[in-house]
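Morning, everyone. Let's take a quick look at one model and how its parts meet.

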Amino acid sequence: MENIEKRPLIDRNKLRGEFYYNSLLQEAYSCGLLDESDLENIQFQCIGLLADKTEKYNIGESSSIKVELAENIMKSNLYTIGLYLKTLPDPDRAAVELKTVKIAELYERGRKLVNARFQIAKGIYNLVQRNKLVTPNHSYNLTLGEKGIGIFFKAYDPEYEAHEFPASIDYQLCNPVEDLAGVEFIQKYLENLYLENEFCLIFKAENIHHLLYGYDKGYADLLINIFEQVLTAALGCSLANRNIRELGITQEDLRSLYIKLLKHDNPDLMLIIHQAMEEMFAELKIRNPSLRSYIERSLPNIASGIKNALKLNTLDKVFIIPVNPDLEPKIKFESGVKMDDEEYRRLIEELLRCRYSSDKLALIKEKVKSFDDLEDILLDTQLGEEEFVSLLNTLGDMEIAVMIKRHPFQSPIQAVDLSEAEHIIRLYLEKYVHQLPSERREKIFHMAKHLIQD
Amino acid sequence: MSFELINVSSFLIQKQAVDKVVKCNDFTLRFGLSLSRKDALELVKTRTRTLKEYGRIEYGGGVIDKIIKAFCDSPYIYQHNYVETLHELIKIFYFYKNETLDLISDDELIKFMKNSFDGKCQGSLELLSGRELDKMARNLRAGYPLEYGEDTDCKEEKDEDGEY
């Protein structure tokens with residue numbers, strides 16, 4: 001009989017990680033662990049603690065503060081107390097502590113924990129800096145930089161804003177951190193990020209780059225999770241019996257995978273994916289239990305993506321075929337030598353004096369020998385739409401492709417920083433290209449795609 | 001936890017605050033000024049209302065006793081305008097705690113109020129609130145010293161007309 005454990009009265013699942021103190025108080029009251037007089041006593045002590053903290057905040061110089069500020073300090077106090085209460089073996093014990101130990105004492109214990117957690121988070125931050133991936137993805141690099149999470153370690157105020165996390169975090173994790181705040185949030189975020197990096201580091205940066213390039217050429221600007229893409233690709237390789245480290249799945253593999261997976265119903269499919277994960281663990285020698293469990297936690301999300309893709313026959317959107325940008329055909333465009341400034345100035349003056357469009361075009365045709373000069377003229381002389389179209393009519397497909405590459409069409413929001421002349425060029429160019437026959441237009445776009453910028 | 005819980009203890013806090021205000025009579029009687037318990041309760045209520053109106057929260061006895069002790073020797077305060085003036089001073093005090101973005105301590109603000117009330121405002125609460133404190137708050141927010149701009153204003157006026 002001694003081994004029988006007492007079942008806690010408070011259901012742990014009903015407690016919220018972010019507002020632990022509040023939810024504990026509520027649950028303890030509804031379970032009868034705390035009565036009204038206990039609540040009143042606890043609340044009274046909380047006000048006392050708040051009064052002490054506000055006095056400290058004002059350095060005794062002011063007896064009143066703004067309500068928002070007081071609320072913030074109160075939240076910070078309760079968060080700190082909650083942090084300590086969370087460390088107790090079970091919520092019932094936490095309720096007993098609330099009843100028997102002074103709030104100020106609970107706060108002090110919590111405050112020590114906040115400090116300890118801060119140091120731990122700092123340690124993990126340093127570890128993450130060391131296992132950081134080499135990637136051009138901006139959200140990843142900025143989040144991990146000094147102006148991202150780095151801000152937290154300078155701006156965190158455990159005394160009055162322990163529940164806040166002053167940091168700029170754009171990079172989304174595969175398993176987002178939910179229901180946590182303050183230093184706990186940062187610690188968990190960094191722990192998850194560390195594990196994601198650990199996994200990605202098994203693969204060559206080059207292979208990850210090719211995979212993400214295959215996902216989207218502009219992945220550097222996207223808010224994507226690198227780990228999720230890599231893990232999905234690794235599972236795909238495992239399912240297709242490909243070398244997992246290479247992350248290289250082919251169109252052929254996708255076709256056979258589609259046939260293979262379509263036959264199975266949901267539980268079977270989950271089993272197969274799980275099996276693929278186990279094979280991946282073995283091949284990549286993943287033994288770290290935290291990493292294994294993190295990957296396992298990521299699996300349902302990836303599996304549901306695979307299920308949907310099978311339904312819609314879009315498996316290529318889930319298992320990305322890597323693309324090596326270096327192997328893509330490239331076109332290099334030589335603009336020619338620019339004319340000297342004096343000559344250019346004379347030409348512009350002459351162009352501005354021209355009354356007829358035909359004269360302007362003849363002059364441009366005669367004098368301009370370089371593409372860069374032509375571009376400058378378009379910007380400086382501000383030709384009318386008709387003149388612009390006539391000029392473009394004299395150009396070949398390649399020149400128009402270069403124009404598109406250098407003056408890409410953008411939405412009005414993206415184009416907000418452009419000069420008026422630049423804006424007009426893009427507008428005319430877009431109109432011009434859209435009225436071209438579709439075949440020629442496609443050809444021009446194809447050329448523009450493969451052009452290398454100077 | 002919301003701030004509703006403050007109501008739990010508000011009665012107790014109010015009682016303590018009233019006691020503290022009434023106790024000030026020991027100090028002010030020598031200037032011929034005194035407050036009844038009812039007056040003290042009304043002053044505390046004004047404080048509570050003003051705090052709520054300006055979105056502030058206060059602990060302990062607050063500043064009423066400090067205001068009383070600072071202003072009781074003013075030549076412009078008599079028993080017949082004592083209570084009324086205190087009500088106004090309390091409202092002005094909290095209004096300017098907000099307007100100065102809490103950049104000034106309670107004691108400093110009360111001292112400034114007293115000096116201006118007895119000096120330039122010659123007992124006018126309107127001038128105190130609408131002119132002197134307003135100017136001081138603007139100075140503080142702009143990062144200037146409290147009395148900044150007074151000399152320069154005078155000089156400018158004198159320079160333009162050749163006289164004050």
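**Two helices, then two chains**

Start inside chain A: α3(A) and α5(A) are roughly perpendicular to each other (65 to 115 degrees counts as that; under 35 is roughly parallel, over 145 roughly antiparallel, the rest oblique). Keep in mind that this is a predicted model: local features need pLDDT of at least 70, side-chain atom pairs count only at pLDDT 80 or more, and totals for chains, interfaces and linings use all residues. Residues are numbered from 1 along each chain as its sequence is written, while chains are lettered from A and ligands numbered from 1 in the order in which they are written.

Back to the helices. α3(A) covers residues 67-86, α5(A) covers residues 103-130, and they pack at about 80° with axes 7 Å apart. Axes are lines fitted to C-alpha atoms, for helices over the stretch in contact, and angles run from 0 to 180 degrees between N-to-C directions. Helices are DSSP runs (H or I, at least four residues), and so are strands (E, at least two), numbered from the N terminus.

Who touches whom? From α3(A), A:Asn77, A:Thr80, A:Ile81, A:Leu83 and A:Tyr84. Among their partners in α5(A) are A:Leu106, A:Tyr107 and A:Val114. Contact means C-beta atoms, placed from the backbone, within 7 Å.

Now the other chain. The contact takes 19 residues from chain A and 19 from chain B. On chain A's side, α2(A) gives the most, with seven residues.

Last, the strands. Three bridges join β1(A) to β1(B), and the two run antiparallel. Pairing requires at least two DSSP bridges. A:Ser64 has B:Glu58 as its bridge partner.

Conventions
Two residues are in contact if their C-beta atoms, placed from the backbone, lie within 7 Å.
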